Amino acid sequence: MPEQTSSLMLNTSHLTMRFGGLTAVNDFNLEIRKNEIVGLIGPNGAGKTTAFNVITGMYRPSEGKVLFGGRDITGMKPHGITALGIARTFQNIRLFKEMSVLENVLVACHMSIDTGLFGATLHLPGYRSRESEARRFSMELLEQVGLAHLAYEKGTSLPYGQQRRLEIVRALATKPKILLLDEPAAGMNPQESIELMDFIRKIRDEFDLTIFLIEHHMQVVMGVCERMYVLDYGVTIAHGDPASIQKNPKVIEAYLGVD
Amino acid sequence: MTLSLLFQHIVNALSLGSLYALIAIGYTMVYGILRLINFAHGDVFMLGAYVAFYGITLVSLPWWAALLVSIVFTAFFGIGLEKVAYKPLRDSPRISIMISAIGASFLLESLGVLIFGGRPKGVPVPDVLSKVLHFGSVSMITVSLLIPLFTFALLGVLLWIVNKTKTGMAMRAVSTDIEAARLMAVDVNRIVSFTFGIGSLLAAFGGIMWSFKYPQLNPLMGVMPGLKCFIAAVIGGIGSIGGAVLGGFLLGIIEIMMVAFLPTLSGYRDAFAFILLIVVLLVKPTGLLGKRQAEKV
Amino acid sequence: MNAATQEKTIALPRNRLYSVIAVAAFILLAFIADRFFDAFTLRVFNLCAIYIVLALSLNLLNGFTGLFSLGHAGFMAVGAYVSALLTMSPQLKDMNYFLVPIVPWLHHVTIPFLPALIIAGLVSALVGFLIGAPVLRLRDDYLAIATLGFGEIIRVLITNAQPITNGAQGLKGLPRFSTTFAVWTVAGLVILFMALLMRSSYGRAMKAVRDDELAAEAMGINVFRVKVTSFTVSSFLAGVGGALLGHMITTIDPKMFTFMLTFNILLIVVLGGTGSISGSVISAVVVTILMEALRFLDEPMNLIIFKTQGMPGLRMVVFSILLMVMIIYRQRGLMGNKEFSWDMLRDLFVKKGRKGGDHA
């Protein structure tokens, strides 16, 4: 038991987000331990992305707290949260549209390169070594996911599946401890989804990551997630291992009501 | 300060406020529908004044006829302007359409210099409008009194159109969600044209009245009122007609009173509106009557 | 295949050689211009350099960081006034300030041009920083209108601060410091600075902010800091450009720095391509020359055969239409966000000649 608390990675307590009269997330209590793959599922409009946005600092919660490694990060700026080691992808892919694949990844290395405006502009030695290190690191990442041969293509010109992959690589380049994936399988066929789940498991092992992912279709994540939380209208209606979730009458009802 | 002087200031403030309100409505309606700052709106105001001026001096129309001709002409001009300069860019980034608007504004101003001449022109104010009325010790010209009256009448008609007619309903639908409105079979192009027509008509009316109250025309006369009225629209809450009226009156009243009571600051008169704008943008960007728009991530 | 690889290995040093030759040729041209051009032509030639500085400073914001600012004239005014006041001699100041005397602490300040130019940039940058910190929280069109407002406020302040700026009378007889050497050196340095900046990690961060603010923030980029930095640097450059302009025209007054001036620079940036350094440079030269060349449109002319009346306003009509046509039909401008390269130039000519030939 004490072992488990020490490895607690990300947790929220009584997290609530209200927009005017609408409560998008209500009293959300999350616990994710190191190296887990945890799913957040629920029908459309259940508040999943809102939960992500609150955790990553895009929104400031109405109530409750977000703790990362025991540290209170509620209300921190998104870039500060990323610097601590929480990276994310977006539901609607948000690549930098004028940039090459490599540049997209390099942007995520900016934190580790940043030697200030003048150091960077004058290409001072300190900057140079960090920049070339970042390039090496980015190319290595791209190689690992099989995108290296496309490094100089425009990111947004890639096929959909590869754009998703690139977004994940870009998030990895921030050297996160935990990776938040917002519907990574959206728009993919079942075969691609299965491949993606294998990919997710692979990067978890290779990069010693913890993964928290949103998925709309339950079946997709059943195989990959060790535990999952189910949201419906902002309320956590269930959590537990996939088998118990699948049998949970409340979950079935929520899904039948929609699909 | 005597009471009569104060009263005179109030009348002046109300008539300047009315003119601001008339122009501000055009900004707010266009912004509400296209999310565009129509930089050329102030120049449409200038155009209206010039057309009426030429109607009176060249064609010797009676002033009311010149006024009618001018507002109809300017309304169609506004519709045409949208078709040429903004419609091709409706799906482009907002910055592009704004640059086009800035281009249109400069085009109208330089066309004004080219066609009307750069030198200011004196406006022959019709006798009815320039008559001096005496109320005890208070004296004022008729046009200062008529401006607020006309404004309220026009405002009544406008509110009726927006709130009671089918076109008005479509306008509100388009401003809420242009895509959804299109799906509901609203003819978006017609509504946009209509909006530009109404906005330009009001601006023309404002411009003509302006030229009767401050009887001098020049091709750049629309620049400052244009900017200030946009500011008025922002202060009131852009997208809201009531807000534009409120903002217009507020700005007009504050400006006149500032010059009246703090004459040492009159040099800063033009800066004042901008300071107010920045304060509003920073403190309450939605303006006094604006609705909050949630941003989707 | 073999030929292609060979082509590539030769291309790099060859392109570098071309660049060296081009720069050398330009320096030669500048010397010739300085010696042999008549006063008017030389002035236009040097004005090009100043507009290059100004266009790049606006493009840094508009094209590279995605911030739409319309207050550029204000920062130029700050730079022009600061540099003028720092370099004018006490006698010259006495001659200018005949209505209201100049404040004593400014009266006796006279420093050389170079430090004055740098201070002009720094003061302008400071003003930019102070303005940027609050208004950069606003988005696109609101930012545009707020910066426009600040530009006007600066102008009104200058008009009213008579003991410092001499108010609406302006300043006359500024020292003629903007020599061919001075303006083109500054322009060269600014081009170099921009090129290096945009190749650096910081430049990438700016472009990321332009492309997608939220994603940039999620990638650990302090978006607000990047915006404020960009705005401050841009103000610095605008201040330097303004100062150079002042010392070229030698007369400055608040009316010079209206929105009209910002419009001219915006025109250059849009025509050249937002997000392209070489685009801005080319466009600055072309537009500056056109602006002067088309001046005849506005003025009465007495050509040998016929006289024209001169049509004031026609020149601006042409430029406004040019801007609108460009934004409506070719939004990306001349260069888009690409940069000039020798290969591009070669492709332009060679491809046409090689049509139908092999493309291996």
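Trainee: Which residues does A:Ala185 touch, not counting residues up to four places away in sequence?
Mentor: A:Ala185 touches A:Ser193, A:Leu196, A:Met197, A:Glu215 and A:Val220. Keep in mind that this is a predicted model.

Trainee: And where is A:Ala185 found?
Mentor: In chain A, A:Ala185 is in the loop between strand 7 (178–182) and helix 9 (190–206).

Trainee: Buried or exposed?
Mentor: A:Ala185 has a relative accessible area of 6%. Buried means under 20%, so A:Ala185 is buried.

Trainee: How far apart are A:Ala185 and A:Gly161?
Mentor: In sequence, 24 residues; in space, 8.7 Å from C-alpha to C-alpha.

Trainee: What does the domain assignment of chain A give?
Mentor: Domain 1 is 1–85 + 176–259, and domain 2 is 94–175. Their centres, taken over C-alpha atoms, are separated by 26 Å.

Trainee: How many residues of each domain are in contact with the other?
Mentor: On the domain 1 side of chain A there are 19 residues, in contact with 13 residues of domain 2.

Trainee: Staying in chain A, how many residues of helix 2 (residues 48–55) are buried?
Mentor: Eight of the eight, so helix 2 of chain A is largely enclosed by the rest of the structure. The buried residues are A:Lys48, A:Thr49, A:Thr50, A:Ala51, A:Phe52, A:Asn53, A:Val54 and A:Ile55.

Trainee: What comes just after helix 2 of chain A?
Mentor: A:Gly57, with a positive phi of about 85 degrees.

Trainee: New topic. How many residues are in the largest nonpolar core?
Mentor: The largest nonpolar core has 277 residues. Those with the most contacts inside it are A:Leu142, A:Leu179, B:Phe39, B:Tyr86 and C:Leu70.

Trainee: Which helix gives this core its largest share?
Mentor: Helix 2 (residues 39–65) of chain C, with 16 residues. This core also draws at least three residues from each of domain 1 and domain 2 of chain A.

Trainee: At what angle do helix 1 (residues 3–34) and helix 10 (residues 223–236) of chain B pack?
Mentor: About 70 degrees, with their axes 8 Å apart. Helix 1 and helix 10 of chain B are therefore roughly perpendicular to each other.

Trainee: Which residues of helix 1 of chain B meet helix 10 of chain B?
Mentor: B:Tyr20, B:Ile23, B:Ala24, B:Tyr27 and B:Thr28. The residues they meet in helix 10 of chain B include B:Leu227 and B:Phe230.

Trainee: What about helix 2 (residues 41–57) and helix 9 (residues 188–213) of chain B, at what angle do they cross?
Mentor: Roughly 60 degrees, and their axes come within 7 Å. These two helices of chain B are therefore oblique to each other. The crossing is right-handed. Residues making the contact include B:Gly48, B:Ala49 and B:Ala52 of helix 2 and B:Gly199, B:Ala203 and B:Gly207 of helix 9.

Trainee: B:Ser193 is in helix 9 of chain B too. Buried or exposed?
Mentor: B:Ser193 is buried, with a relative accessible area of 10%. Leaving aside neighbours within four places in sequence, B:Ser193 is in contact with B:Ile79, B:Glu82 and B:Lys83.

Definitions and conventions: Residues numbered from 1 in each chain as written. Chains lettered and ligands numbered in written order. Predicted model: local features only at pLDDT ≥ 70, side-chain atom pairs only at ≥ 80, totals over all residues. Heavy atoms only, no water. Core = buried A, V, L, I, M, F, W, Y, C linked by side-chain atoms within 4.5 Å. Buried < 20%, exposed > 50% of the residue type's maximum accessible area, 1.4 Å probe, protein only. Helix = DSSP H or I, 4+ residues; strand = E, 2+ residues; numbered from the N terminus. Domains from an automatic or database assignment. Axes fitted to C-alpha atoms, helices over the stretch in contact; angles between N-to-C directions. Parallel < 35°, antiparallel > 145°, perpendicular 65-115°, else oblique. Left-handed = near helix turned anticlockwise from the far one by under 90°. Contact = heavy atoms within 4.5 Å.
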